[in-house]
Amino acid sequence: MNEEIAEKIKKMLVERLRIPEDELEYDSELFGEDIGLDSIDSIEIIVGLEDLFGVDMSGSGKENFQSIRTLTQYVEEHKED
Amino acid sequence: MPESIKRCVITGMGLVCALGDDAASCAASAFSGKSGIKDVASFATDGCYSHKGAEVALSDDELCKDGYDRTTLLCIKAAGEAIADAGLDIDSEDRKRIGVILGTCIGGAASIDKYYTDSYEGRAADKNDILKMPASAIANNVAAHFGLDGITANIVNACAAGTMSLADACDVIRSGKADVFIAGGCDSFSSLAYAGFHALHALSEKECSPFNHSDGITIGEGSGVLIIESYEHAAARGAKIYCDVLGAGVSSDAYHITAPRPDGEGQMSAIRRAAANSCVDLSEIDYINAHGTGTSKNDEAEFLSLNTLFGSDPDLSVSSTKSMTGHCLGAAGSIEAVLTVEAIRRGEVPPTVGYEGDDFEVLEEKSGGIDFIANEKKAKDLKVCMSNSFAFGGNNASIIFSKEPRDIKNAGNTDPIYITGIGEVTGVMAEGASDYRADLSPELFKKHEVKTAFLRKLDRFSELVLLSGIEALADAQIKVDDTNSGDVGIVVGTSDGPITEIVNFQKLVIEKGIENGSAFMFPNTVYNAAGGYLSIFTGIKGYNVTIANGFQAGLQSVMHACEVIRRGEEDIMLAGGTDELTDIEHELYENAGLLGNGKDSGIVLGEGSVSLILESAKSAEARGSKKYAQIAGYATARHSVPYDKMTGTEDALSRAIGEALESAGIKADDVSVIYGFADGISIVDDIMNSAVSEIFTNGVEIRNVRTETGEARAASAALSLARAAKDMEGLTGDYAMAVSFGAGGIYTAVVLKKA
């Protein structure tokens, strides 16, 4: 996993979604019990990733939104250098 | 047998929206199925997936030359028409008996946009724009424009505000505190709302098509104003009467901050409450002007609610006029009220437009037996009609109009009301700081089992309301569950609302474009989000209103809540005042020239939230509640001055105090302590000191919460009452009073008695 991308995503989640930084790990379940994100948050994540990396995640599968790790993997695979 | 409540009648109407510049032209379009939706002209929408809007063609100056925010100007235009239509000659009326109650969602968003755009683009921001920002300014400015000295309020419950304002106006008339109201709603077309709904993917790409394709809303702007007056007053001046306003119902979903409950429970509760408060059977309703926004979530929930309640009632017709006016947010309920009254007058049901081809068949399947009117109006004798409005925050409101007079039995009582719980969140001045800020660390919320996943959604204003609200409930030992969730209600009072979140959202839109609004922040930009979160967390499903009306809103909310209990609508009300303080508010107050030393050169800002539990005697006895004090009396009085002035309003303060004493049945000498409102603005402090020394000729002890916690605006007003309640035990006499003021010349006084 690209740590640099993961760290940027983490910072974006903390800023945009007011998730307490100390409660957010790379493997925290974003939409489950751990953090409890919902559909409005997913819209915000899509905008945030587009903004940071130019990667469009709209319409992509739920499995990509599981954690910072899966988001990072998606970005790595779809990022155009 | 209980007595009947006062008849409230509609004697005048005014309307401005995308359909036209007056009620007649709007109605001509609406009843011929002509939509006002076009491509957005107010700003560029190049980067957006939708370009549709329903704007008013008139410029600010063409609406009115007073120089107010566009939302206010739209309202002045509609109100002028309504007053003329009602033949109301203000010069020959008692101006103190004519009030203004308006609904708004976005308030002064256009002025917020202008102020921060100027600043972003390197121009000098105009400090005059600062006083145009809060929703609090609107009703007072409209009253000042027409020279009215009656009660004002701004009901800021997002998209239900326009309907709730009409209900509130009727309630005040029925309580005997006014004869006539300029009532309705107003909202301008704003980048704030457009960017917000765009971010939520809630805008329809094409013209919105409620109950049809349901792929989103089209935003509109406008104002609908109705002249509502007591029948006696209307009859005495020989006014024409369009129809009666019967009762209304207000409820909360306690479910989600933007989405309605999918099972429609909250919507059905509002509809049932409206019918019960109107003494009307659901089967008597001939037409419902639906909320019908065009989002799939709303339309599905509303189809379900209507089908569940009205089943296969072939006598009920339903339509959504938003298909032509767009969704005018806080003005929506008022615009739809005008069109519903017009429907009664014409004997015609206006259509929902935009159906073609297979749409009709699909509609027939979805509508069950209910007669949904598509594309073309239908002739029908309409006797009893309902209008529905459902809002962000899970607020639901329904109101009923009747062609003929109907007898409504008074379900209320005059039993004592007690303060049985208090939650206080106040600020402290840190070393080296220049204002008082509250500690809102997560631990304080965790103590009350507020989870991180819930808490992180909240902006500062919502955090304040939530914390004081749950502390007040805990203090009163109230547990909300299925057995009492509908018997508890909420009134949030505020001066400035969630201005930090609004400004941060607006700045983002200015910097990054309308297509880049934040879906996360947008729900918090509506003033009633805080009350919504409180209802979601606690499970409170009863009455829920947010009033923005200057600093005194923290006391006006208590009065409002007491009236809800008196009418028999709820047993327990949670009411109080909240205002937040961040660097954003600090800068705005500083730039407006209002800051000083708190003694004679201006205010020292504070923040906080104070919630009081108000409880009927019956409920307090049944629960064995601890009683801080009894609410003995209250009054609000105004003398119209512009929102940035207070000079010349001494008489209104004297009236508020005098009428509050009178309603408590006591004399000035009976009051031992008065909690005043001196805050360092000389003109305000002089008005208070002179009125108090004039009325309390034998002297009275004056206490002031602002010396310890700063000018926390609506929170200070509510804190004054909370502290008076807590002081009761140690008082030599039996009575204490709390008084507060609001910009624009409005005052509220509340009298407490030892319980």
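Which residues have the most contacts inside the largest nonpolar core? In this predicted model, the residues with the most contacts inside that core are B:Ile228, B:Leu614 and B:Val750, and the core as a whole has 289 residues. At least three residues are drawn into this core from each of two domains of chain B, namely domain 1 (8-402) and domain 2 (417-753). When neighbours within four places in sequence are left aside, B:Ile228 is in contact with B:Cys8, B:Ile10, B:Leu166, B:Ala169, B:Cys170, B:Ile173, B:Phe181, B:Ala183 and B:Val245. In soluble globular proteins, nonpolar side chains tend to be buried together.

Chain A contains 3 helices and 0 strands, and its pattern along the sequence reads α-α-α. The radius of gyration of chain A, 11 Å, is close to the 12 Å given by the globule rule for 81 residues, and chain A is therefore as compact as a globular protein of that length. Along the principal axes, the C-alpha atoms of chain A fill a box of roughly 35 × 25 × 20 Å. Of the 81 residues in chain A, 28% are buried, and, among contacts in this chain between residues at least 6 apart in sequence, 54% join residues at least 24 apart.

Between the two chains, 13 residues of chain A are in contact with 13 residues of chain B. On the side of chain A that touches chain B, the elements giving two or more residues are helix 1 (3-17) and helix 2 (39-53) of chain A, with helix 2 giving the most, at 5 residues. The residues on this side of chain A comprise 7 nonpolar, 1 polar and 5 charged.

How values were computed:
Residues numbered from 1 in each chain as written. Chains lettered and ligands numbered in written order. Predicted model: local features only at pLDDT ≥ 70, side-chain atom pairs only at ≥ 80, totals over all residues. Helix = DSSP H or I, 4+ residues; strand = E, 2+ residues; numbered from the N terminus. Rg over C-alpha atoms; globule rule 2.2 N^0.38 Å. Buried ≥ 20, exposed ≤ 12 C-beta atoms within 10 Å, placed from the backbone. Contact = placed C-beta atoms within 7 Å. Core = buried A, V, L, I, M, F, W, Y, C linked by C-beta atoms within 7 Å. Domains from an automatic or database assignment. Nonpolar A, V, L, I, M, F, W, Y, C, P; charged D, E, K, R; others polar.
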